[in-house]
Amino acid sequence: MVDLSKLPDLQLQDGGEAWEIAGLDFSVKIRKADGLLSSYTYKGEEMVKTPLVPNFWRPTTDNDRRTGMTKDQ
């Protein structure tokens, strides 16, 4: 188990449109409007430059086909 008291402190800043959380060698920005992760920087290099947006997809099932959900709208 990790002893949390030995971990480096995190800093939380209100950046207006986003919250910025910074720690040893990294920082992340989370937009207030939608909660999306909009920036991730590690050791000075920006790893994420645009918000991460979920993109979920699943294959159709027999139930979808029977109801006509697979037809173009």
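1. Ser-27 counts as buried, at 15% relative accessibility, where buried means under 20% relative accessible area, exposed over 50%, and partly exposed in between, with a 1.4 Å probe and protein chains only. The place of Ser-27 is in strand S3, and helices (H or I, at least four residues) and strands (E, at least two) are here DSSP runs, numbered from the N terminus. Not counting residues up to four places away in sequence, Ser-27 touches Glu-20, Ile-21, Ala-22, Ser-39, Tyr-40 and Thr-41, a contact being defined as heavy atoms within 4.5 Å.

2. The model is predicted, with local features needing pLDDT of at least 70 and side-chain atom pairs counting only at pLDDT 80 or more, while totals for chains, interfaces and linings use all residues. Residues are numbered from 1 along each chain as its sequence is written, and side-chain values use heavy atoms, with hydrogens and water left out.

3. On confidence, the protein chain averages a pLDDT of 88, and 90% of the residues score at least 70; pLDDT is the predictor's confidence in each residue, from 0 to 100. Confidence is lowest in helix H1 (residues 62-67), with a mean of 73, and highest in S1, at 97. Where pLDDT is low, the predicted coordinates should not be read in detail.

4. Thr-41, one of the residues that Ser-27 touches, is found in strand S4. Thr-41 is likewise buried, with a relative accessible area of 18%. Once its neighbours within four places in sequence are left aside, Thr-41 is in contact with Asp-25, Phe-26, Ser-27, Glu-46 and Met-47.

5. Turning to strand pairing, S1 and strand S2 (residues 18-23) pair in the antiparallel sense over 4 bridges, two strands being taken as paired if DSSP finds at least two bridges between them. Among the individual partners, Leu-12 has Ile-21 as its bridge partner in S2, and Asp-14 has Trp-19 in S2. The two strands form a hairpin with 3 residues between them, and Gly-16 in the turn has a positive phi of about 85°.

6. S2 also pairs with S3 in the antiparallel sense, over 6 bridges, and Gly-23 stands opposite Phe-26 in S3. The hairpin of S2 and S3 has 2 residues between the strands, and Asp-25 takes a positive phi near 70° there, although Asp-25 is a residue other than glycine. Asp-25 lies in the loop between S2 and S3 and is partly exposed, with a relative accessible area of 39%.

7. Lys-43 lies in the loop between S4 and strand S5 (45-48), and Lys-43 is exposed, with a relative accessible area of 56%.

8. How many salt bridges does the count come to? The count comes to 2 salt bridges, under the rule that a side-chain nitrogen of Lys or Arg lies within 4 Å of a carboxyl oxygen of Asp or Glu. In one of them Lys-32 is joined to Asp-14, with the closest N and O atoms 2.5 Å apart. This pair links distant parts of the chain, 18 residues apart, with Lys-32 in the loop between strand S3 (26-31) and strand S4 (37-42), and Asp-14 in strand S1 (residues 11-14). Lys-32 is partly exposed, with a relative accessible area of 35%.

9. Asp-34 forms a salt bridge with Arg-31, and the closest N and O atoms of this pair are 2.4 Å apart. Asp-34 counts as partly exposed at 39% relative accessibility, and Arg-31 is partly exposed as well, with a relative accessible area of 30%.

10. In the segment before S1 lies Leu-10, which is exposed, with a relative accessible area of 56%. The C-alpha atoms of Leu-10 and Leu-24 are separated by 7.9 Å, the two residues being 14 residues apart along the chain. Leaving aside neighbours within four places in sequence, Leu-10 is in contact with Ile-21, Ala-22, Gly-23 and Phe-26.

11. Leu-7 is also found in the segment before S1, and counts as partly exposed at 43% relative accessibility. With Val-2 and Leu-4, Leu-7 makes a nonpolar surface patch of about 320 Å². Patches are made of residues with over 30% relative accessible area and no salt bridge, with like charges joined within 9 Å and nonpolar side chains (Val, Leu, Ile, Met, Phe, Trp, Tyr) within 5 Å. Accessible areas come from the Shrake-Rupley method with a 1.4 Å probe, and for residues only the protein chains shown count as cover.
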